[in-house]
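I opened my notebook for another look at this one. Here is what I looked up, in the order I went through it.

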Amino acid sequence: MKKIHIHSSCSISIQPGFQEDYFFEEIAEYAENGIHAIDPDYKEFIAALQLRRMGKSMRMAVYASQKAIQNAGNPKIDAVITGTGEGCLRDSEKFVEAMWDNDGGMLNPTPFIQSTHNMAAATVALALGCKGYNMTYTNNSNSFESAVLDAILYLNENPEEMILIGGLDEISEKTLEFWNSVGYVNSNNPKIPIDFKSKSIGEVNSEGAGFFVASAEKKENSLGSISAVKTQLEVEDPEEFILEFLEENGISVSEIDVVILGNNGDSRYDGIYNDLSETVFREIPQMIYKNLFGEFDTVISIAVEIGLKIFKFQRIPFALKLNNSIKENYQKILIYNQRRNKNHSLILLEK
Amino acid sequence: MSTLKQELKEKIITQLNLEDITIEDLQDDTPLFGDGLGLDSIDALELIVLLDKQYGIKLADPKEGRKVFETIQTMADYIEANRTK
Amino acid sequence: MNRKPIAITGMGIISAIGNNLAENEASLLESRHGIRKYSVKDPLIHQEKLVGEILKPNEEFYSELNLNPNEAFTRSALLGLTAAKEAVQSANLDLNDGRKTGFISATTVGGMDATEKYYFDFLKSEANRKFVPTQNCGIHAEQIAQILGIKDYVTTISTACSSAANAIMLGARMIKAGILDRAIVGGADSLSAFTINGFSSLMIYSDEHCHPFDDNRKGLNLGEAAAYIVLESGKSSANKEVLGYLAGYGNANDAFHQTASSDDGEGAFLAMKTALEIAGLKPEEIDYVNAHGTATPNNDFSEGKSLSRIFKSVPDFSSTKTFTGHTLAAAGAVEAVFSLLALKNQKVFANLNWKTPMKEFDLKPQTEIKSKEIRTVLSNSLGFGGNCSCLIFVK
């Protein structure tokens, strides 16, 4: 399969990533869990009449996609492919609560409509008048990777087209409480930046969206390419999984200029990353990002944007460094992720 | 009638989340749909719920709503004539 | 463009008209529908609703599927596992033979049937907390893949009513690209208070047994179902009985409104156009259209328009939702199975309850089961968010 080229991006998260040329000059800090993304001025792209109904994940998606399109010089978009692990959580909750509150009267339809998982992709298409291929993957922490795989397939099938690829997820207080009751959440001492030395149990949960304009053709101002993606639900030997992937793509570990790992502060599962840091990735620059962005199913879309920014600025931000290795030149970036030891994934970026 | 219209404007702004619109913006004869306020079919359903919950009026057929929801005035007239609450 | 049709070597289904493929087939052939008053006494549902219900409680599924009663499987997962198992068995798949196998599922309800029940209980007691992790869409696919032993690729699509059709399309594309040798593709959605109340709040839930494409139609009846088909590459399906081929597929977006379909049925039109192009077929070569036909005033009008636009003369068509109800994310796969059964039996299945043609068109669905030569079947699945998908099956 031919690689695909990214021409622009925009992300919204708990860091001010949507600001022009943001590269970790300022870092937002938090001491809570269930952290809400910083809102840009949504009205820049969304009329009040549409904005009023949109839940957080939807407004993040519409803004990030429109901004990415603007950053790419406003090309016509032919397809929209997105991934979301949880969909429109808050609207789903609203409708459930309304049902419990109801004694036989009429129910407000808006939260039901807004809770449909593909509504963000649909709203993006509606805003653009885009009648092309429109897809939404909802497969936990492989949702964005599924979207990327489909995007690669799609652009190989339709090499003349320009598409949007996006990941989005929102947080909600109620669902966070549910997750906390089953031990997913760090309720003890959640902090951003995550303090890995404290060996906490549980994740620091957040939200965000990352959107990219991509096509099969490299352009003068392209930010980089996604050359390959691989995901597997369960992996017995992560090192073997990684080495196989590199071999399939004709590169050796030493040719990787930096690996972006998904350590998220949950010491029950960060061990998987730590082992790889000490073995297969021992000799190369390593970095993390969830220490600043928290965890959500599609947070890997933020990692992709960070990778593209490293291509642009040719350095690893200090706040994200995991070891002291540096390279002269950053041309190939590998992103590895797993969440609770499931949905292991690899994305290969090239300049 | 004018208190009903006032009340209706408040309720519509809240129910339909029209944050940027004030009661003063909502004239009695502003078309609510199409070229006026620009509400859509989902709003029409929300207004049907409003009629039911607040005024005890059941509109069984959403198509009936078109005439009733033309303006604040037509809504108020309809509610006056049919309210059970 | 790789136009080679993809072989289908197995199918599995459970719906209101049968617990397996043979039962579904018999019901279709006997024009026996499964729409009845909902038997479940759900405190969140305040009106009597006509639904396509699978008359089997969750406990029975647990026992039939040999599942640990202490493990959380939502109803959509149970239906999905039942149908996926049947599909794998019917295709005689040896999942340890080294061939790259994917599981691509679809759902909209996900674990909502459990979440809505236990929403206020989760924090109070531990009793049902095991259903917290099963709330979202993706978990059912993980569970099914783990139990069946499908390892190479697992994902879930959720695009409302076109979901399973899109899952089928992705499977075919991945096989054509050589990423997979075979894929088990389809979807599952159980009934839930969430969806029943949701469609009622949109005032499109009929209090009668639905009549698609009828001028007096009042809306849909929901149903629950799961269905999967097994797609295999040419090499993988060599020396196997092939049930039919997926020759064409297309997805397009209406981009008109969040829930309503456009008056000119543009999304559906584009999806059908793409599917025909990929299949290398002209519209007049389609022998039977299994329509989306939910019986909502809006869908049937919009879909009717799109059919009139793409076909000079609309071929025999019917909506089988009068049998199963609208099974949401599973519909695309349920109707894929029904399309393959139409090819097998050389029958157009009935569009029940039809009396009066829609004022706007000269369109009459096939109201009784009809025998004819069928080489090609086109199946539409049109979802909220303007998501329109079309699949074309050939003998």
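**Entry 1, the core.** I began with the largest nonpolar core, which has 262 residues. This is a predicted model, and I kept that in mind throughout. Which members touch the most others? I found A:Ile163, C:Ile168 and C:Ile229. Helix α12 of chain C, residues 331-345, gives the most to this core, with 10 residues. I also checked chain A: domain 1 (4-224) and domain 2 (226-350) each supply at least three residues to this core.

**Entry 2, around C:Ile229.** Next I asked what C:Ile229 is in contact with, leaving aside neighbours within four places in sequence. My list includes C:Ile8, C:Gly10, C:Met11 and C:Ala87. I also noted C:Ile168, C:Val185 and C:Gly186 as contacts of C:Ile229. C:Ala333, C:Ala336 and C:Val337 are among the contacts of C:Ile229 too.

**Entry 3, chain B against chain C.** How many residues of chain B are in contact with chain C? I got 4, and they meet 5 residues of chain C. On the chain B side, I sorted the residues into 3 nonpolar, 1 polar and no charged.

I then turned to α1(B), residues 2-15, and α4(B), residues 72-82. Their axes come within 10 Å and cross at roughly 115 degrees. I noted the crossing of α1(B) past α4(B) as right-handed. From α1(B), the residues in the contact are B:Leu4, B:Lys5, B:Leu8 and B:Lys9. From α4(B), I wrote down B:Ile72, B:Met75, B:Ala76, B:Ile79 and B:Glu80. The residues of this contact divide into 6 nonpolar, no polar and 3 charged.

Key: Residues are numbered from 1 along each chain as its sequence is written. Chains are lettered from A and ligands numbered from 1 in the order in which they are written. This is a predicted model: local features need pLDDT of at least 70, side-chain atom pairs count only at pLDDT 80 or more; totals for chains, interfaces and linings use all residues. Axes are lines fitted to C-alpha atoms, for helices over the stretch in contact, and angles run from 0 to 180 degrees between N-to-C directions. Helices (H or I, at least four residues) and strands (E, at least two) are DSSP runs, numbered from the N terminus. A crossing is left-handed if the near helix is turned anticlockwise from the far one by less than a right angle, and right-handed if clockwise. Two residues are in contact if their C-beta atoms, placed from the backbone, lie within 7 Å. Ala, Val, Leu, Ile, Met, Phe, Trp, Tyr, Cys and Pro count as nonpolar, Asp, Glu, Lys and Arg as charged, and the others, Gly among them, as polar. A nonpolar core is a set of buried Ala, Val, Leu, Ile, Met, Phe, Trp, Tyr and Cys residues joined through C-beta atoms within 7 Å. A residue is buried if 20 or more other C-beta atoms lie within 10 Å of its own, exposed if 12 or fewer, and partly exposed in between; C-beta atoms are placed from the backbone. Domain bounds come from an automatic or database domain assignment.
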